[in-house]
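Q: Could you take a close look at one part of this protein with me? I'd like to go slowly.

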Amino acid sequence: MKKVLFKLFTLLFFAVCIFFSLGLVLPGASDPTGEAPPALITEEGINDDFGNVFEEWFSKHFAFHDEVTDFYADARLTLFNEGNDQVIAGKDNFLFFDDTTADYIGSAPMTDGEITETADALALLHRRTTEAGASFLFLCAPNKNTIYGEYMPERYIKNPNPTDMDRLFAELETRGVPYIDLRPILAEAKEKTLVYHKRDTHWNGAGAELANRAIASHFGLNTPEYGGTVTTNDFEGDLDALLFPGKTMYDENITYNFEGLYAYTSAYATPMDLVITARSAGEGKLLMFRDSFANALIPYLATTYREIRLERVTPYQTSQLETYKPDFVIVEIAERNIREISGYITPDEG
């Protein structure tokens, strides 16, 4: 009986290998990018690392790669509530980005020198902004597990010590650099409504609206009256995309009706455009240096300020202080990326 089972297993193993190997020549079955496999013979001679390189190439290009990956991810998620090396499967259908784990458990905190360097860079930009006649604000978008830590798997123990965000805010206080701590605002609001997407890294429309309201209040501005809330189920979560590359999945989103309230003045394509400009009946000119967390903020900012210029270019193009002449300047960045800030702000020359 054992010999029969062994033979059946061997046949199945080779059948699967042959199926996926031959599938490479089937139209539409293999990777659509058309990336050529590594060569055994190169101009320099025999490729000594061919085995490892080919194995890596084949793991990404075998036939029906996305379908197999989706099936495997579905099985792990359904049977064991497990994600993959990029996505953490939490409780109640919540997904979390693995890159935020270090912040959550405190496994790789910024050094005191890094915190000081980051605070000094923001203080420098604050000074430049003030000299240009504008008001400055630093906005740190909390990681989702900072707000919804109760949905993280039990094996992840939340760091009880001051986080990098706590330490940076303390340093900004000593330098007089304006900032907003959104954590208590979002934590209070989540008791009434969802403020982050369950299947995405970022806050949803409700969380973005709260952030915009806090920003406007800081600058002494009013936010406009929006139409009624709109709840849709057409948001494509980035964490779902990391889990299921072969299919599109949708998450719920809460937003407002912005129809007719603002107009883009740039060649807008997606929220990830490097530069986005818009105009409305709002107040003042806003310049924001931002990352993907500001995607959901775009319509709120566009209806609050008369003009907005949102830049996703790094290092920050601080020359815009003189050319754009903003009234308000915001540096927005996700909590997981705050150690990058010092590299985004060019120091003074001389």
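Q: How many of the 15 residues of α9 are buried?

A: Some ground rules: this is a predicted model, where local features need pLDDT of at least 70, side-chain atom pairs count only at pLDDT 80 or more, and totals for chains, interfaces and linings use all residues. Residues are numbered from 1 along each chain as its sequence is written, and side-chain values use heavy atoms, with hydrogens and water left out.

Twelve of its 15 residues are buried, so α9 is largely enclosed by the rest of the structure. Buried means under 20% relative accessible area, with a 1.4 Å probe and protein chains only. Among the buried ones are Gly205, Leu210, Ile215 and Phe219. What covers them? The cover for α9's buried residues includes β5 (135–141), β6 (179–180), α8 (183–189), β8, α11 and β13 (328–334).

How about its length? Helix α9 runs over residues 205–219, and at 1.5 Å a residue it should span 21 Å; its end C-alpha atoms are 21 Å apart, which agrees. The expected span is 1.5 Å times one less than the number of residues.

Conventions:
Helix = DSSP H or I, 4+ residues; strand = E, 2+ residues; numbered from the N terminus. Buried < 20%, exposed > 50% of the residue type's maximum accessible area, 1.4 Å probe, protein only. Contact = heavy atoms within 4.5 Å.
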